[in-house]
Amino acid sequence: MTVLFEYLAALEKPLGTVVHIGAGSGAVLECYAALKPARVVLLEGDADTAAELLRAAAQCPWAEVLAHPVSTTGSPLEWHRYNLCRLNGPLQSGALHSFYPRLRLVESRTVNARALTDVLAAVQVATEAGGINVLVLDVPGQEAALLDSLPHGELIKFDAVLLRGSREALPAWGTTAEQAVNQLQRACFDTAAAEFDQEPLWPVTLLRFNAQRHQTEVLEQRLSWQLAALEAADERLKALQAHFDAVSQAKAAADQTAADRAGQIERLNQGKAQAEQTAHDRGVQIEQLTRSRDEQAALAAERQTQLQALTQAYEERGRQHDNATSATESLHKANAKLKAETEALHGANAQLVKKAEDLETAHAGMLQKVADADRRRRLLDNEILKAEAQLELIKDVLIREKNF
């Protein structure tokens with residue numbers, strides 16, 4: 001990594017905060033001392049190596065050592081120790097034997113780890129101190145997963161990322177350094193330098209954060225969001241216009257319905273007035289028929305009285321007929337005349353009785369018609385009340401729609 005440290009020394013600004021994950025036993029301290037950083041946080045997961053690093057960093061006031069492994073989620077790690085200590089870590093020996101035939105596993109144990117996001121939150125990398133912040137990832141096989149676990153806002157706090165990974169996927173289902181470099185490039189980091197010759201299996205790459213490209217991508221994303229928002233607003237406007245058209249049509253239909261209901265109410269009022277006038281006329285007719293019936297009944301009673309008087313006179317004359325033989329013919333004539341009158345009176349009486357019965361029937365029919373007219377008038381009143389209630393409801397709906 002010497003060439004890359006030389007590249008860091010040539011940067012336009014001094015180093016600010018450096019977070020070095022997988023710092024080893026302290027060999028990098030001399031390189032950092034030459035760069036005169038403001039602060040270097042060194043993380044080492046192997047306990048023995050971390051102890052050496054603590055002793056080596058004791059004379060460096062700018063150095064801070066954190067002796068614990070780092071993982072994506074902070075869950076425990078399976079830690080392997082080999083006879084080649086620089087390979088100590090989560091990499092399994094089976095994946096390394098093809099490159100290191102003499103590699104021997106010394107010990108495997110489960111160790112507690114801290115999430116990278118928690119470590120950076122505790123470190124509190126300053127973004128306005130004026131120096132260049134650097135993230136160093138010297139954890140081959142873990143680099144892609146660790147980068148993927150970082151929120152973009154945490155990653156871009158670093159102006160440069162120094163990455164040491166594995167050219168091959170260790171194990172076969174793992175990730176390579178190239179994948180991690182691609183991740184950083186997608187996050188607006190540009191490759192500034194690379195070192196492949198010293199350790200072909202462990203390539204080292206330095207990437208610089210391209211703030212201008214990041215700002216451009218942010219602006220493009222915002223523009224995309226704004227265009228999407230404009231399209232959504234246009235769709236909402238179209239929907240509102242369609243709703244307005246529908247409301248206008250509904251209002252026109254409601255106005256037409258209200259006009260129709262008003263016409264119906266007017267016609268119902270006219271029908272009601274006509275029914276009331278008809279009922280009044282029928283009442284007058286009934287009153288006249290009642291008076292006529294009373295008069296006919298009085299006349300029939302008078303005729304009955306006359307008939308009774310004539311009958312009594314006829315009987316009296318019959319008695320006189322025995323005593324007055326000389327007046328027989330005249331009495332017969334008178335009797336015939338009386339019989340004719342009696343028959344006429346009986347006929348008149350029958351007619352009067354028939355007329356009285358007809359008057360009773362007509363009176364009952366008129367009473368029924370009056371009852372029917374009164375029932376229809378009540379139905380008309382109910383219909384008018386319902387129509388008025390519907391009009392009030394339509395008015396209320398129209399007022400609410402206007403307020404909406």
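Predicted model: local features only at pLDDT ≥ 70, side-chain atom pairs only at ≥ 80, totals over all residues.
I used a 1 Å grid over the protein atoms alone; a pocket is an open set of points with protein on both sides within 12 Å along at least five of seven lines.

Which residues lie nearest the centre of the largest pocket? I noted G22, G24, R86, D138 and R164, out of 43 lining residues. A lining residue has an atom within 4 Å of a point. By class I found 20 nonpolar, 13 polar and 10 charged residues in the lining. Nonpolar covers Ala, Val, Leu, Ile, Met, Phe, Trp, Tyr, Cys and Pro; charged covers Asp, Glu, Lys and Arg; the others, Gly among them, are polar. α1 (2-9), β1 (15-21), α3 (47-57) and β5 (77-82) each give at least two residues to this lining. Helices (H or I, at least four residues) and strands (E, at least two) are DSSP runs, numbered from the N terminus.

**Aromatic pair.** I searched the whole structure and got 1 aromatic pair. F189 and F209 form it, tilted, at 5.2 Å centre to centre and 55 degrees between the planes. The pair joins distant parts of the chain, with F189 in β10 (residues 189-195) and F209 in β11 (residues 204-209), 20 residues apart. Rings of Phe, Tyr and Trp (its six-membered ring) pair with centres within 6.5 Å; under 30 degrees is stacked, over 60 edge-to-face, the rest tilted. I found both F189 and F209 buried. Buried is under 20% relative accessible area, exposed over 50%, partly exposed in between (1.4 Å probe, protein chains only).

**Helix α9.** I checked residues 211-323 next. α9 has 113 residues and reaches 161 Å from first C-alpha to last, close to the 168 Å expected at 1.5 Å a residue. The expected span is 1.5 Å times one less than the number of residues. Its buried residues are H214, A254, G263, I265, I286, A300 and L307.

**Positive phi.** Q124 has a phi of about 60 degrees, though not a glycine. Q124 sits in the loop between α5 (116-123) and β8 (132-138), and is exposed at 62% relative accessible area. C188 also has a positive phi, near 75 degrees. C188 lies in the loop between α8 (177-186) and β10. C188 is buried, at 1%.

**Conventions.** Residues are numbered from 1 along each chain as its sequence is written, and side-chain values use heavy atoms, without hydrogens or water. Local features need pLDDT of at least 70, side-chain atom pairs 80 or more, while totals for chains, interfaces and linings use all residues.

Methods. 1 Å grid on protein atoms, 1.4 Å probe; cavity = no way out; pocket = protein on both sides within 12 Å on 5 of 7 lines; lining within 4 Å.
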